[in-house]
Amino acid sequence: MASPYAASPYVLSLLLLVLSVPAVFLLAPRLIPPRTLPAIPDADETEDLALFRRAVLLSAAPSKTGPASASASTSRFFGAAHRQRKQKVAFLFLTNSDLVFAPLWEKFFAGHHDLLNVYVHADPSAALLLPPTPSFRGRIIGGKATARASATLISAARRLLATALLDDPANHFFALLSQSCVPLMPFPALYRTLAADNAGPRGRHRSFIEILDAEPTLHDRYYARGDDVMLPEVPYESFRVGSQFFVLTRRHAVMVVRDRRLWNKFKLPCLVKRKFSCYPEEHYFPTLLDMQDPAGCTKFTLTRVNWTDSFDGHPHTYQPEEVSPELIRDLRKSNGTYSHMFARKFAPGCLAPLMEIADSVILRD
């Protein structure tokens with residue numbers, strides 16, 4: 001007669017197998033490298049959609065921004081267009097560190113606060129010090145985490161646009177900037193440039209956003225999320241690249257926060273093996289606007305960036321010893337119709353030499 005313990009090795013093996021299955025599911029994500037980069041958290045996406053809906057609904061309502069009288073000084077700077085209606089510029093700062101150049105921007109804003117608003121999206125992980133200037137105080141919006149090689153930078157820019165749309169119906173132009181951006185021209189020169197450019201459909205103002213379709217890396221960037229993932233919403237021939245920073249008109253800001261169709265593609269995480277081709281923030285905005293309103297865009301950015309000695313996806317960073325009147329004048333030059341109004345990327349130590357030439361060079365028209 002067989003012993004009742006004869007089958008025990010088999011029972012033990014079966015028991016170990018049953019117990020090991022849950023362990024595999026628990027440990028596999030930690031042991032097996034992920035196929036894709038991290039995605040945007042569902043909670044962040046839900047909150048953003050609610051914010052965007054409010055911004056779109058408010059923008060659909062009739063504008064209460066009526067004719068406004070101008071002071072003698074602003075009339076001299078801006079002419080008849082300003083006397084008819086005060087259209088404000090919303091400055092949107094996307095940052096993950098202190099706003100070191102706030103004192104320089106404060107000089108740029110001085111005397112023109114009736115024509116501008118300031119908004120700051122700061123990464124929650126950054127220990128952001130309160131800028132020592134009044135224009136930035138109380139202007140930090142509810143930010144969420146951002147990271148390179150992810151669509152979180154798109155979300156942050158859309159969050160800034162939606163907040164500015166909701167905050168002031170008079171916001172007509174939306175300038176996205178980083179903490180390393182500095183002005184190259186005085187505010188009146190910027191305002192004249194934006195107000196004078198009305199070559200869009202039906203004489204509307206155009207957005208200043210770089211839109212390129214023949215970059216060498218375009219192929220790798222298009223397939224960064226996988227083969228045919230962008231189809232059918234974004235065919236390859238419609239895929240564009242451009243600068244991360246721009247100036248949008250109000251109708252384009254609304255277009256961006258209203259969009260769901262293209263966003264559902266661009267928010268998808270890139271493949272880990274293609275992370276060095278993943279720059280969603282440089283593609284979403286130019287692709288969307290070129291597909292929906294190409295005639296309403298200049299296809300030119302007002303922010304000068306030096307890519308001649310870029311490293312790890314970052315442009316040249318200007319150091320204090322490079323700052324001079326000649327540098328500012330050189331950065332203003334462009335191969336387009338308009339001069340550059342902003343420039344990046346400047347190291348924090350550049351503040352002192354920039355302040356030294358602010359009144360004599362940067363803020364002289």
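Here is a chat about a predicted model, its sheet, its rings and its cysteines.

Reader: What should I know before I start, and from which number are residues counted along each chain?
Author: This is a predicted model, so local features need pLDDT of at least 70 and side-chain atom pairs count only at pLDDT 80 or more, while totals for chains, interfaces and linings use all residues. Side-chain values use heavy atoms, with hydrogens and water left out, and along each chain, as its sequence is written, residues are numbered from 1.

Reader: What is the order of the strands in the open sheet of 4 strands?
Author: Strands (E, at least two residues) and helices (H or I, at least four) are DSSP runs numbered from the N terminus, and two strands pair if DSSP finds at least two bridges between them. The pairing in this open sheet is mixed, and the order is β2-β1-β3-β5.

Reader: Which strands stand at the edges?
Author: Look for strands with a single partner, because one side of each is then left without a neighbour in the sheet.

Reader: How many bridges link β1 and β3?
Author: β1 covers residues 88–95 and β3 covers residues 171–178.

Reader: Is F174 buried or exposed?
Author: Buried means under 20% relative accessible area, exposed over 50%, and partly exposed in between (1.4 Å probe, protein chains only). F174 is in strand β3 and touches residues including L161, A164, L165 and V247. Its relative accessible area is 0%, so F174 is buried.

Reader: What kind of aromatic pair do Y222 and Y236 form?
Author: Rings of Phe, Tyr and Trp (its six-membered ring) pair if their centres lie within 6.5 Å; planes under 30 degrees apart are stacked, over 60 edge-to-face, and the rest tilted. For Y222 and Y236, the centres are 5.1 Å apart and the planes make 85°, so by those cut-offs the pair is edge-to-face.

Reader: How many residues apart in sequence are the parts that this pair ties together?
Author: Y222 is buried at 3%, whereas Y236 is partly exposed at 32%. Y222 lies in helix α8 (residues 218–222) and Y236 in the loop between α8 and β5, so the parts tied together are apart by 14 residues.

Reader: Which ring has the charged end of R158 over it?
Author: A charge sits over a ring if NZ of Lys or CZ of Arg is within 6 Å of the ring centre and within 35 degrees of the ring normal. The charged end of R158 is 4.9 Å from the centre, and the ring belongs to W263.

Reader: Which cysteine does C270 join in a disulfide?
Author: A disulfide is a pair of cysteine sulfur atoms within 2.5 Å, and the count comes to 1. The torsion about the S-S bond is about 75°, so this disulfide is right-handed. C270 is buried, as is its partner; the S to S distance is 2.1 Å, and that partner is C278.

Conventions: Contact = heavy atoms within 4.5 Å. Lists of a residue's contacts leave out its neighbours within four places in sequence.
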